Amino acid sequence: MKAIEIVKICRDILKMLSKSDINVRDWRYVDMYNDYHELKRTGLKIRSVAQELADRYDISVCTVFRTIKKFEKEIDM
């Protein structure tokens, strides 16, 4: 399959992602986002949750917070 074929198939989704400031590479953080909510339910403080996820996924605490904020943003369709 060629890249243009994927773009043609996913054109509408790609437009929506672009309008919403979502990077196509953000798929990497879906598991981290799910883990965030699981750890939050345990009663840990948010900062401790973010540090745990940063260590677990080898990313910065800032990336954790930025990604959570981005994923929880309401999107107008």
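Asp58 counts as exposed because its relative accessibility is 72%; here exposed means over 50% relative accessible area, buried under 20%, and partly exposed in between, with a 1.4 Å probe and protein chains only. This residue sits in the loop between H4 and H5, and the helices themselves are DSSP runs of H or I with at least four residues (strands are E runs of at least two), numbered from the N terminus. The phi of Asp58 is near 55°, a positive value in a residue other than glycine.

A word on the model: it is predicted, so local features need pLDDT of at least 70 and side-chain atom pairs count only at pLDDT 80 or more, while totals for chains, interfaces and linings use all residues. Residues are numbered from 1 along each chain as its sequence is written, and side-chain values use heavy atoms, leaving out hydrogens and water.

**The loop between H2 and H3**

Asp21 also has a positive phi, near 65°, in a residue other than glycine. Asp21 belongs to the loop between H2 and H3 and is exposed, at 59% relative accessible area. Ser20 is found in the loop between H2 and H3 too. Is Ser20 buried or exposed? With 8% relative accessibility, Ser20 counts as buried. Beyond its neighbours within four places in sequence, Ser20 is in contact with Lys73 and Ile75, where contact means heavy atoms within 4.5 Å.

Val24 lies in the loop between helix H2 (11-19) and helix H3 (30-41). Together with Ile4, Val7 and Leu14, Val24 forms a nonpolar surface patch of about 320 Å² accessible area. Patch residues have over 30% relative accessible area and no salt bridge, with like charges joined within 9 Å and nonpolar side chains (Val, Leu, Ile, Met, Phe, Trp, Tyr) within 5 Å. Areas come from the Shrake-Rupley method with a 1.4 Å probe, and for residues only the protein chains shown count as cover. A salt bridge is a side-chain nitrogen of Lys or Arg within 4 Å of a carboxyl oxygen of Asp or Glu.

**The core and the aromatic pair**

The largest nonpolar core has 12 residues, including Tyr29, Met32, Tyr36, Leu53 and Ile68. Such a core is a set of buried Ala, Val, Leu, Ile, Met, Phe, Trp, Tyr and Cys residues joined through side-chain atoms within 4.5 Å. H3, helix H4 (46-57) and helix H5 (61-71) are the elements that each give two or more residues to this core. Val49 is one of its members; not counting residues up to four places away in sequence, Val49 touches Tyr36, Leu39, Lys40 and Leu44.

How many aromatic pairs does a search of the whole structure find? The search finds 1, with rings of Phe, Tyr and Trp (its six-membered ring) pairing if their centres lie within 6.5 Å; planes under 30 degrees apart are stacked, over 60 edge-to-face, and the rest tilted. The ring centres of Tyr33 and Phe71 are 5.5 Å apart and the planes meet at 70°, so this pair is edge-to-face. It links distant parts of the chain, with Tyr33 in helix H3 and Phe71 in helix H5, 38 residues apart. Phe71 is partly exposed, at 25% relative accessible area.

**Two long separations**

Ala3 is in helix H1 (residues 3-9) and is exposed, at 59% relative accessible area. Arg41 is found in helix H3 and counts as exposed, at 64% relative accessibility. Each has a C-alpha separation in the table.

| Residues | Apart in sequence | C-alpha to C-alpha |
|---|---|---|
| Ala3 and Tyr29 | 26 residues | 23 Å |
| Arg41 and Met77 | 36 residues | 30 Å |
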